[in-house]
Each structure stands twice: as C-alpha cells, then as structure tokens.
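Dear colleague,

Please find below the sequence and structure that I am handing over to you. My findings follow directly after them.

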Amino acid sequence: MADAAQAARHVLIAADKFKGSLTAVQVAQRVTAGLHRVAPEVTVESVPVADGGDGTVAAAVAAGFERRETRVTGPLGEPVTAAWALRDGTAVVEMAEASGLQLLPEGVFAPLTSTTYGSGELIAAALDAGARSIVFGVGGSATTDGGAGMLSALGARFLDAAGEPVGPGGAPLAKVASADLSGLDPRLAEVEIVLASDVDNPLTGPKGAPAVYGPQKGATPEDVAELDAALGHFAKVLGECVGPRALEYAQSPGAGAAGGIGYGALVGLGASFRAGIEVMLDVLGFAPALERATLVITGEGSLDEQTLHGKAPAGVAAAARAAGVDVIAVCGRLALPPEALGRAGIRRAYALTDVEPDVARCIAEAGPILEELAARVGADFLPG
C-alpha cells in the first residue's frame with residue numbers, strides 16, 4: 001500500500017460513538033493514539049460526528065458548541081436534567097436527552113403513556129437563549145406520542161370531548177376531540193427548525209412509528225395496534241382542526257421518527273426534514289476539515305445493513321468520496337461484505353474482533369483494543 005502511505009499525511013477522524021463502549025470523542029482519541037504509534041509525524045484532526053440520535057449534543061460540544069443544561073420533564077413525568085448545545089445563534093437539541101429510552105429505569109417501559117413534553121421544554125429553553133436556528137436531533141426515544149407532549153409544552157392544546165386536556169402519551173390521543181395550535185410560542189415562527197433524523201418512516205401503518213419502533217419501547221402487539229389507531233386518529237383530528245396538510249404530513253418521510261415526534265415537528269413547528277448526518281456534518285464543520293484531509297477514518301459500533309441507510313459512517317463516506325478522499329472504517333463488529341463497503345465509498349473496514357475474537361472483551365476493553373486496531377490502520381495506510 002505504498003501509494004496510499006505516500007499520500008496520507010493529514011488524517012481526519014470522523015467517527016460516531018461505539019454505543020455502550022466509547023463516545024465519539026473517545027473513539028477519536030484512541031484512533032489518534034494508535035495512528036501515532038506507527039506514524040508519529042502524521043497530522044491527525046478529529047470531528048466526532050452523530051446522526052441526530054443520542055450523542056448529537058456531545059458531538060456538537062466537541063466541535064466547540066457551549067454545553068447548556070435545563071431541568072425538564074422526563075418521559076415518565078419525572079424531572080430530569082437534559083443537555084443541549086448553543087453556538088452563534090444555532091442550538092442543537094437532542095430529544096433523547098429529555099425523552100429518551102436511556103432515561104427509563106432498567107426494565108421499565110411505558111409505551112402507551114411516555115411523553116415528549118420535556119423535548120418541548122428543551123426547545124423553549126433554546127428560544128429563551130436567543131437561538132435563531134434549532135437543529136432538532138431525534139432518535140432513541142422512549143415515546144410514541146406523535147409529538148403531542150412536545151407541542152403541549154410549547155402552548156398547543158389537545159382536548160377530549162369534555163373539553164379537558166388529554167393525558168400524556170400516545171394511547172390517550174385516541175380521545176382527542178379538538179386540537180388548537182394557536183397558542184404555540186410565537187417565537188417558533190421566527191426560527192428555522194431542522195428535523196435531523198436517520199429515520200424516514202411515516203407516522204402510521206406497517207412502516208409507521210408504532211409498528212417498527214414500538215416493540216423496542218416495550219409495546220406488545222396489542223399496544224402497537226392501539227398506538228397506531230390513536231396516532232391515526234390524532235392526525236385526522238389535526239387535519240380537521242388545523243388543515244388538510246396536517247393529515248398529509250402523517251405520510252411524510254420522517255413523520256414517524258422518534259415515536260412520531262417528527263410528525264409533531266413538521267405540523268406544529270414548521271420544521272424541515274433532513275438526513276441527520278447531513279445536517280450534523282454541516283453544523284460540525286466537516287467540510288472545511290475534509291478539504292485538509294488526505295485520508296478519512298470513520299466508524300461506529302456495528303457496521304451493518306443499518307449503516308447504509310443514513311447512519312453516520314455512510315454520510316461521512318459519501319461526502320469524502322465526492323471530494324475524492326479515501327475512507328477507512330473502524331468498528332466493533334463488521335457485518336458488511338467488501339462489495340457493500342465499496343458501494344458505500346469505504347475502501348476497507350477494520351473490526352475490534354480482528355484483534356480480539358471475544359466479543360465480550362471487545363465491549364469491555366474497547367479503548368485499548370481500538371488503539372491497537374488503529375495502529376494496524378496506520379501500518380497499512382500511513383507513512384512511517
């Protein structure tokens with residue numbers, strides 16, 4: 001690989017987290033250390049990335065955003081402290097920080113009643129801080145409420161036939177008789193809100209939020225059917241009370257993101273939908289870093305079929321290929337054949353299991369194993 005080694009003198013590390021083992025920042029640190037073992041003179045730059053799901057705020061902070069914290073309502077109604085990020089009028093808000101699965105006690109799920117109210121409170125905090133644009137990263141949610149909780153926190157009202165507010169969560173939406181969005185925070189009309197997600201599912205149906213993602217939130221088949229019907233009814237009422245576009249949005253790509261919070265963002269916040277990794281690469285300053293790079297190293301915990309559908313490594317590889325820069329991937333587990341990697345723009349992939357066949361040890365000792373793996377990458381691709 002002498003030709004690659006001759007050219008690769010400025011390496012850009014743009015990797016996502018290894019979920020459950022290493023943050024994106026830690027991945028970059030370990031890869032840098034491994035590369036410098038074999039090529040100490042090589043310039044290494046890092047832009048930790050995320051695709052809009054959990055880890056998005058951490059990536060923004062690593063890129064120079066100011067970390068903020070706000071006390072908000074968690075998915076079960078209890079108070080939680082949620083982080084978000086701000087720089088130069090742009091806020092990065094991660095709904096998982098307020099409404100995510102990781103906030104639930106171990107073994108506890110509430111698929112019918114968990115709420116996105118706290119996500120709305122986070123958006124309000126960004127408005128209070130003077131944000132002029134908000135990147136709303138959605139993923140990893142504990143909720144399937146169509147964004148009703150989020151919109152309620154921002155001033156919307158969803159009432160039952162008796163004129164009382166419906167309860168929290170997705171199931172009570174079956175009782176919604178009227179919807180009023182006129183009380184939404186007027187500042188929302190003055191800011192740009194981008195819905196950043198790697199999910200393009202519609203709100204309901206076989207590929208909708210309850211059917212596809214409900215089970216991972218503890219929903220039984222009966223719960224899935226109940227939630228699907230409730231969200232369908234919710235969209236119908238919004239169509240009657242807000243206008244026909246509200247019903248049309250239910251089938252829009254991204255409406256089913258994060259338990260349907262994408263739908264609430266499209267209908268109530270005037271959000272635009274973009275692939276999460278594309279948004280985050282823009283926000284994190286990836287393009288100017290790519291201009292300096294002669295080799296890009298990306299990665300995530302598992303390189304598999306899901307990676308090819310909007311996950312961070314695929315987005316990084318696509319941008320790098322367009323710029324004519326080689327891409328190498330590192331991962332914990334590799335489940336893609338070389339031809340699939342090639343189509344994605346990844347020249348070669350290295351897995352922790354190449355160094356340590358024991359998967360449990362790879363998870364428990366991911367840092368030092370990744371450092372060793374990065375040294376192998378350096379030996380293959382960098383000048384000595």
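Two strands are taken as paired if DSSP finds at least two bridges between them. The model is a predicted one, and the pairings below should be read with that in mind.

I begin with strand β6, which covers residues 133–137. By the criterion above, β6 pairs with strand β9 (residues 192–197) in the parallel sense, over five bridges. Within this pairing, Ser133 stands opposite Glu192 of β9. Strand β5 (residues 90–94) is also joined to β6 by five bridges, and these two strands run parallel as well. Here Val93 has Phe136 in β6 as its bridge partner.

How many of the five residues of β6 are buried? Five of the five are, so the strand is largely enclosed by the rest of the structure. In a regular strand the side chains alternate between the two faces of the sheet. In β6 both faces are covered, with Ser133, Val135 and Gly137 buried on one side and Ile134 and Phe136 buried on the other.

A separate group of strands forms an open sheet of five, in the order β2-β1-β11-β12-β13, with parallel pairing. Its edge strands are β2 (43–46) and β13 (348–351), each of which pairs on one side only. On average, neighbouring strands of this sheet are turned by 25° against each other, direction ignored. Strand β1 (residues 10–13) runs parallel to β2 and is joined to β2 by four bridges. One of the partners can be named: Ile13 is bridged to Ser46 in β2.

Helix α2 (residues 24–38) lies across β1, β2, β11 (295–303) and β12 (326–334), and runs at about 155° to β1. Helix α13 (residues 312–322) packs on the sheet and touches β11 and β12, its direction making about 160° with that of β11.

Helix α2 also meets helix α17 (residues 366–381): their axes come within 7 Å and cross at roughly 45°. The angle therefore makes α2 oblique to α17. The crossing is right-handed. On the α2 side the contact includes Val27, Arg30, Val31 and Leu35, and on the α17 side it includes Pro368, Leu370, Glu371, Glu372 and Val377. By class, the contact between α2 and α17 has 11 nonpolar, three polar and four charged residues.

Helix α10 (residues 257–268) is mostly covered, as 12 of its 12 residues are buried. Among them are the glycines Gly259, Gly260, Gly262, Gly264 and Gly268, together with residues such as Ile261, Tyr263, Leu266 and Val267. The helix is followed by Gly270, which has a positive phi, near 65°.

Finally, I would draw your attention to Gly77, which is found in the loop between β3 (66–73) and β4 (79–87). Is Gly77 buried or partly exposed? Its relative accessible area is 47%, and Gly77 is therefore partly exposed. The C-alpha atoms of Gly77 and Gly118 are separated by 8.5 Å, with the two residues 41 apart along the chain.

With kind regards

Notes:
Residues are numbered from 1 along each chain as its sequence is written. This is a predicted model: local features need pLDDT of at least 70, side-chain atom pairs count only at pLDDT 80 or more; totals for chains, interfaces and linings use all residues. Side-chain values use heavy atoms; hydrogens and water are left out. Axes are lines fitted to C-alpha atoms, for helices over the stretch in contact, and angles run from 0 to 180 degrees between N-to-C directions. Contact means heavy atoms within 4.5 Å. Buried means under 20% relative accessible area, exposed over 50%, partly exposed in between (1.4 Å probe, protein chains only). Angles under 35 degrees count as roughly parallel, over 145 as roughly antiparallel, 65 to 115 as roughly perpendicular and the rest as oblique. A crossing is left-handed if the near helix is turned anticlockwise from the far one by less than a right angle, and right-handed if clockwise. Ala, Val, Leu, Ile, Met, Phe, Trp, Tyr, Cys and Pro count as nonpolar, Asp, Glu, Lys and Arg as charged, and the others, Gly among them, as polar.
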